[in-house]
Amino acid sequence: MSAQGSAQLPADLQDERLIASSGVSGAVSAFTSRLRSGDLGSVPVIVGLVIIWAVFQVANSSFLSSRNLVNLTLQTTSVGVIALGIVLVLLLGEIDLSVGSVSGVAAAVVGVTFVNHGWPIVLSLVAGVALGLVIGLFYGLLYTRFGVPSFVITLAGLLGFLGLQLLVLGKDGTINLPYDSALVGFATRSFLSPAMAYALVALVVVAYTLSRLQGRGARAAAGLSAAPTSVIALKAAGLAVVLLIPVAVLNGDRGVSSMFLLFLALVVVTDIAVRRTRWGRSVFAVGGNVEAARRAGINVRMIYLSVFAACTTFAAVGGILAAARLVAVGQASGGTDVNLNAIASAVIGGTSLFGGRGSAYSALLGALVITSISNGLALLSLDSNVRYIVTAGVLLIAVTIDSLSRRSRQAHGRA
């Protein structure tokens, strides 16, 4: 194809052809081209995370110790799970301000039914998660049937479900979960053995490689450009390094937490659902241009209902995990800065506030940034006022980068 014809191709197709024709060097060229055009992806948050870790390690040599990093993974999980739901809502260009209250009331339902009423723990968990699901469906109904803005719906939910949480907890206000219960054990004492952790890393790398090779074969059979095996091998090696180093560090203490592993599994499943399914493609389409999506035959109402339901369900799961880690649920559960931290995690992680751009991994990266700031400042014995100021600054920088990169993408045809 001529240079003029190639220039008329969409930017993503140009990248694919460059990688297919030039291998590793083409992949590097495509990556730098995306960066120059403003398609930054996760680069800013990864660079920011490295800087944050370096600063705190210099200030306190215990920050990157195995023991503290295990604690960091435990602290990240609940906020990260809630942030997963926020990522989905932001992909539609909407917002949910009530995830903190929803997480609190779901934890309260689990605590009251399990401790006060003697329900089996499984039934209590189902009740808490189901409550989150119903709340999201209610939000979606109000949005799709009556056109009430999501900001107003979820702001009302923030207040209403906070009141419901206080009502469910009753006069005692706090319920201590049994320390020997399976739920608390899962959140605080369940860790993978070193051998199992390394075996899981190997399994993930093998599954990734086979998936990439299968995709390459399918594209080649269809006559489409496909990445050479050298690029796939390099990516697989990079994935192995990225997974092996933290696993080795965590194994220096208690190991990889089962609760954090659950969070990672939810991230992967959500990423597959968003990128590899018809539903996920519809979410991006609605977030990009809702009218165009409707005219293309997408059931826009179903997309909104499912995303709001997924968001509040993730909030309920995150709230339950937070209560299990703290071995208690109380009036402050889901309160303080849980709501804002979850939203900030999604935005800092790279999900656009303008809709249509983002990734499930934004929740993971953003939650790591938020909890790293909180954890590092706690090690330095600094007050919470400093943490709020630092978090606000990081959030403002992230939104500014998102706005500037959006303008650059539009100018380079990558919007």
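Predicted model: local features only at pLDDT ≥ 70, side-chain atom pairs only at ≥ 80, totals over all residues.
1. Residues are numbered from 1 along each chain as its sequence is written, and side-chain values use heavy atoms, with hydrogens and water left out.

2. Helix α5 (residues 99-116) and helix α6 (residues 121-146) have axes that come within 8 Å and cross at roughly 150 degrees; helices here are DSSP runs of H or I with at least four residues, numbered from the N terminus, and axes are lines fitted to C-alpha atoms over the stretch in contact, with angles from 0 to 180 degrees between N-to-C directions. The two helices are therefore roughly antiparallel, a term for angles over 145 degrees. The crossing is right-handed, that is, the near helix is turned clockwise from the far one by less than a right angle.

3. On the α5 side, the contact (heavy atoms within 4.5 Å) is made by V102, V105, A106, V109, V110, T113 and F114. The α6 side contributes I121, S124, L125, A127, G128, L131, G132, I135 and Y139. By class there are twelve nonpolar, four polar and no charged residues, where Ala, Val, Leu, Ile, Met, Phe, Trp, Tyr, Cys and Pro count as nonpolar, Asp, Glu, Lys and Arg as charged, and the others, Gly among them, as polar.

4. Helix α6 also packs against helix α7 (residues 150-169), at an angle of about 145 degrees and with the axes 10 Å apart, again in a right-handed crossing. Here I135, Y139, L142 and Y143 of α6 meet S150, I153, T154, G157 and F161 of α7, and these residues divide into six nonpolar, three polar and no charged.

5. A search of the whole structure finds six aromatic pairs, meaning rings of Phe, Tyr and Trp (its six-membered ring) with centres within 6.5 Å; planes under 30 degrees apart count as stacked, over 60 as edge-to-face and the rest as tilted. Y143 and Y304 form a tilted pair, 4.7 Å centre to centre with 45 degrees between the planes, which links α6 to helix α14 (residues 300-326) across 161 residues.

6. Y143 and F308 also form a tilted pair, at 5.7 Å and 50 degrees, with F308 in α14 and 165 residues separating the partners. Y143 is buried at 19% relative accessible area, Y304 at 6% and F308 at 2%, buried meaning under 20% with a 1.4 Å probe and protein chains only.

Technical notes: Parallel < 35°, antiparallel > 145°, perpendicular 65-115°, else oblique. Buried < 20%, exposed > 50% of the residue type's maximum accessible area, 1.4 Å probe, protein only.
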